[in-house]
Amino acid sequence: MTDAPPARGEILAHFWSLSADDASTRKRACEALMRDLRAAAAADGARARRGDDDGDEGADARAYALRRLTRGLSSGRAGARQGFALALSELATHAATPAEALDALDANVAPITKATKGQEARDILLGRLFGAAAIGLALGGREDVREEERRRCGAEVARRAETLSREKTYLAEPAAACVIELRASLGDETFAGVVEDAGEGLERWLSGDCGGDAGADTLWLACETFEALPRETRDRVQCVRATKKGKKVDWAEMFTRTHLSKISKALLDTAHTHPRMHSAWEMMLREAPGARGVVPLWEIVCEDGLFVSGSHQRRFLGFRVFDTLLSSAEAHEIPALFSSNFIKCLLNNLSAPDNYLHECAVDCLARIVAFASDKKTSSEKKIAVIAALQRQGPTRFDNVTKTNAVQDLVKSLDSDDALHYLQSMYAVVTKAPVQDSDVVGTEEELASALANGTGQKRRLWALEQMAGLAPMLPSDKVVELMQFMLFHAYYKATDGKAGKKGKSNIPASILKSPLEEPTGSVRSACSTRFLAMINSNVRAQRAAASKESDDKQDVVDLLSEATSFCRALEGETAVDMIDSIPDECREVRAELFKALDACVGSGDELAAKVAPLIRVLSVLQVGDWREFTPALQDLPRCVGELVNPKKKSKKSKKSKKDGEDEPEAIDVLTDILLSLLAQPSALLRDVVEHTFKAVSGQVSKEGIQDMLRIIAGPEVGEDAGEGEGDGEDEDVLMEDDDSDVDDDDDDDEESDDDDDDEESDDEEDYGEANDAEIAAMRAAASKIVGTAAEDSDDSDSESEGMDDAAMFRIDKLLAEAFKSRQQDLMRKKNLKRATRDFKFRVISLFQLYAKAQPGSAYLPNAVVTLLEAMRDSLGKQDPQSAQLAERIAALISKHIAHARDLPELLGDEVTSKTIQSKLLEVIVAANRGASDAQVFNKAAGAAAAYLLRVLEAVALHEKGGKAAKVGEEVASENAIDCFREALKMFKSKKSKLKTGFFSQTFARHPALASALLPELFSLVAIDADKPNARGEFLRLEALKLVNPVIQSGKKRYPPLAKSATKSMKTLSVSLAAAIGAPYKNKNTRADACQQAANCIESLNRLIGEIEIKTIIDVDAIIDAVAKQMSRPPALPQKAQKAFQRICALLDRAVPDVEMQPKSDANDDDGDDGSESEEDAPKQKKDKKSKKRRDSSGGENSSKKKVKKNR
């Protein structure tokens, strides 16, 4: 009894240390607690031997510890839960029995009631789980307990774990861990009995469907415990594939694509463990390399699962999985890891620092670079990683990350290793694929699976890797790689003998390594990679040519090598084309090669620039001779005439007299180039643009008109029959356009009910068949009805005469008709998109023409057509048309507007009269405006400024004069007439002309402003005798327009002062009228007074030595000031200060006038008072009617609101 209190106090102290954060502290406290409990038990034994029955201190201490530990499991403080569970496990192992521990757990852990809060309930659930896990671990060390007792307690632990797994999602994984640890603790034999005794709950958990409601915890638990499960339970497990004997997990079958598709949902739904990886994922990643499951796991679960999801947590998990698989994958598996969705996600997050996953993406790329840079990484894996990165472009990742990490990897690569890896890729591409083991079905299904299975995908990966290796290879090996791609894309080896003497210029490695069947999409992939290699090589050659001589690098001409290789292949009897060309097309091809030889041998610069086009077409013709042969028929003749121009014969002149004009070579070539722009090949479009740029100096008027006709032409679905002279280009673009198109433009001002009706009409029309289809359906229906009616006794109605079979036949016809209608609409939509894309490409071509030929005589005429095309595009009010209009605006503003003032080759096309008419058309277009006023006005202003420059230069050239010095220019009469007409348009109420249109023009052409100074000041006095909103607006805008002209005139155009002095009388009258005019808007009134004061001050500075008060009509100005001051209401402060400035400048005192009554002010405005008297009762009447509407119309207005809401 004397030793009990100290022992009790020491035991109590250990519980504080058990809840410490430090794991070592908790471990020492647990050991000390167990040591004290054993000491207390030993003391009880000693007392019992002495016969002292005063107390059982050891039993009390054990009971206290058991109660304290089970209660403390529900504590969330520091490390209490971990420490108490450790101590409980030790206590159940050495002191108490597992059954006692389970009873204590039930007795001391608080129950969850309705009043239990969320965090408290979470702690209780975790306490139960930790307690069950601790007791499960203790069972493994209790060999003194009977087997039946161990099984009973183990089953109870398993039941509790299964129950907790269903409580909360976050408890499922630790509950599964509890059962897995229970198996390790008890052994397989005892655990099998535990599973049998645990009941249906555990079996239902293990046999859950991972493609349905079961989660990743089921997959993990079933795989980890599969070997220890009873046979009946193993047979019920759905998520595990067993070996033939059925006792072990067959991991090779687990990683088949079919099975991964079934369990992928469970693996995807593990985001709740973020940022930690779920144990099921760790298990799959551990077993994947040995089961050859890296690629299927990545493609099924990651590429098509994690990275197509919008969840940040799933994508984060995808990056983690990539890091793990990259380190364990084989060299041939690495290309599959760099899949499209993964690369897209990686680049998107690398380029956006604000993204949630930016740091994760940066870390992933750093791990990739570190893996490839590691000396322990084999050269094959290193090359595979670099090739995969290079596949996105030589500097794509470095540009995003602003580093040279990838380039440094490329530089560190040994060329011998790259060549060795390339040779292995050759073997992969040519070798036939192997059928996937999990594929079953008919012969056709098996053949389709073989052509699109994993083996075929590996061939495609190898092609991508080979293309990525190109920057690392020497020139001769790059040519060899190009030849490999070209041969397997368009040619095949035959059984014929090679050449006359048995020798061949074709590499034996290509002829002896044919592409084994099934080829599937391998040939098309070879074609795509080949064209991409040629395209990048052409651009690299241009970049190298533009560099200085010291920085130039030798770049092999792959396009020339490809053309020569094609000619060599076609001369071999042992080689044939995949798609053989007919004899007539071979003749066209032979003429094309002759033209190419002529260009190469001529040494002409133009011929050298046209040769790439011939080479590209000769290569593309092999792939699709049906598409490209028609475009090649006239190309040799055109190229020959351009390179070696010949004089026209008399015969050709006679033909012209007879009216049979033979088209010029340049016109035919332009048509060919335009037709080739519609092709989807990026390489061909690039070469077409550079060829057009080379021959742009010889493009005729007809060629420019063809381009403008395409840009301004109608799209598919528009009525093209209204215009005249539609050419062949329109016929091509408008093919099969014979149906009406719904008008989607609704009037915004109509009521909601009308809008609803229009929408319903549109929807009905969208699904209707055309007249021909309706007629066919009616004829078929009547035929069926007639047939059925003959067999029927009662034929009063068609519906009664139709049996079920006839109705089904009608339904089938209707379905086919509607399907045909939908396909027709989709086809027109695609044609419309293609038409717009074609227009974009032609605009780019015209942009090149404007840059290459800034002195072209055809640009002034083109700008009007482009402006009208821009208006039409803006009027359609859809995003694609708006984008097209913006491209046209950029073409006008950035390129045509900067062309030369005086075009070359002046003739009937470019005269002052023709340019004046074009300028007037532009002004009229600007006056009409467009839906997007900002974009259109900017382009119209740039077009007007350009035509004005051309007009002034042409008019001066026609007069034979020289360009005047700065400040001595004289505006031409043509320009003055145009802008005098523009000022007249500006007065109209419907005019869309803005002040900026004139201010930009007058700022660049002060001589024009000087000549139009009286007209400008006439706007200042417009409608000054009567108050109206339009007059107020025009007077204010005119003052804003005049002031900059006068302010800048002294420096830029001194003659403006003389013109102002000469017209001072007119200026005085206009300014006085603007100052004294009535204004309804007080803000406009104040601004007009201020602008008038600024104008008078600017005139004073412009005139210079002469004071303004000596030449201006001072009395008229002061009288106007007095008149404005007398008008009610009182002048704003801004206007008062402006009048003070005017009076001080004119050396007069500010008039002291009394403000007139409102009626007197109306008399001064020229009214006789009768109108105001008539207006008064009208206003009263309006007020009364408004009150009546407010009082009696409330119900009607509420009904309208309800109707609108509906």
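The crossing of α51 and α52 is left-handed, where left-handed means that the near helix is turned anticlockwise from the far one by less than a right angle, and right-handed is the clockwise case. Helices here are DSSP runs of H or I with at least four residues, strands are runs of E with at least two, and both are numbered from the N terminus. Helix α51 covers residues 1013-1020 and helix α52 covers residues 1029-1052. They pack at an angle of about 145°, with their axes 7 Å apart. The axes are lines fitted to C-alpha atoms, for helices over the stretch in contact, and angles run from 0 to 180 degrees between N-to-C directions.

On the α51 side the contact is made by L1016, F1017, L1019 and V1020. On the α52 side it is made by L1034, R1035, A1038, L1039, L1041, V1042 and I1046. Contact means heavy atoms within 4.5 Å. By class, these residues divide into 10 nonpolar, no polar and one charged. Nonpolar takes in Ala, Val, Leu, Ile, Met, Phe, Trp, Tyr, Cys and Pro; charged is Asp, Glu, Lys and Arg; the others, Gly among them, are polar.

A word on the source. This is a predicted model, in which local features need pLDDT of at least 70 and side-chain atom pairs count only at pLDDT 80 or more, while totals for chains, interfaces and linings use all residues. Residues are numbered from 1 along each chain as its sequence is written, and side-chain values use heavy atoms, with hydrogens and water left out.

Staying with this helix pair, D1023 sits in the loop between α51 and α52. D1023 has a positive phi of about 50° although it is not a glycine. Most residues other than glycine have a negative phi, and most peptide bonds are trans. D1023 counts as partly exposed because its relative accessibility is 28%; buried means under 20% relative accessible area, exposed over 50%, and partly exposed in between, with a 1.4 Å probe and protein chains only.

K402 also has a positive phi, near 60°. K402 lies in the loop between α22 (396-401) and α23 (405-411), and it is exposed, with a relative accessible area of 70%.

Next, the cis peptide bonds. One joins E517 and P518, with omega about 0°. P518 is in the loop between α28 (508-511) and α29 (522-546). Another joins P1128 and P1129, with omega about -5°, and P1129 is in the loop between α56 (1114-1126) and α57 (1133-1145).

For the chain as a whole, there are 60 helices and two strands. Of its 1206 residues, 46% count as buried. Among contacts with a separation of 6 or more, residues 24 or more positions apart account for 73%.

Which helix is mostly covered? Helix α11 (residues 216-225) is, with nine of its 10 residues buried. Those buried residues pack against α8 (172-186), α9 (188-198), α10 (200-206), α13 (251-254), α14 (257-268) and α15 (279-287).

K839, in helix α43 (residues 804-852), counts as buried because its relative accessibility is 2%. Leaving aside its neighbours within four places in sequence, K839 is in contact with I710, I711, A712, G713, P714, E715 and L884. K693, in helix α37 (residues 682-695), counts as partly exposed at 46%.

Last, the cavities. A cavity is a set of points, on a 1 Å grid over the protein atoms alone, where a 1.4 Å probe fits but cannot get out; lining residues have an atom within 4 Å of a point. Points are joined across faces, edges and corners, and a volume is the space filled by probe spheres set on them. There are four cavities of 30 Å³ or more.

Terms used. 1 Å grid on protein atoms, 1.4 Å probe; cavity = no way out; pocket = protein on both sides within 12 Å on 5 of 7 lines; lining within 4 Å.
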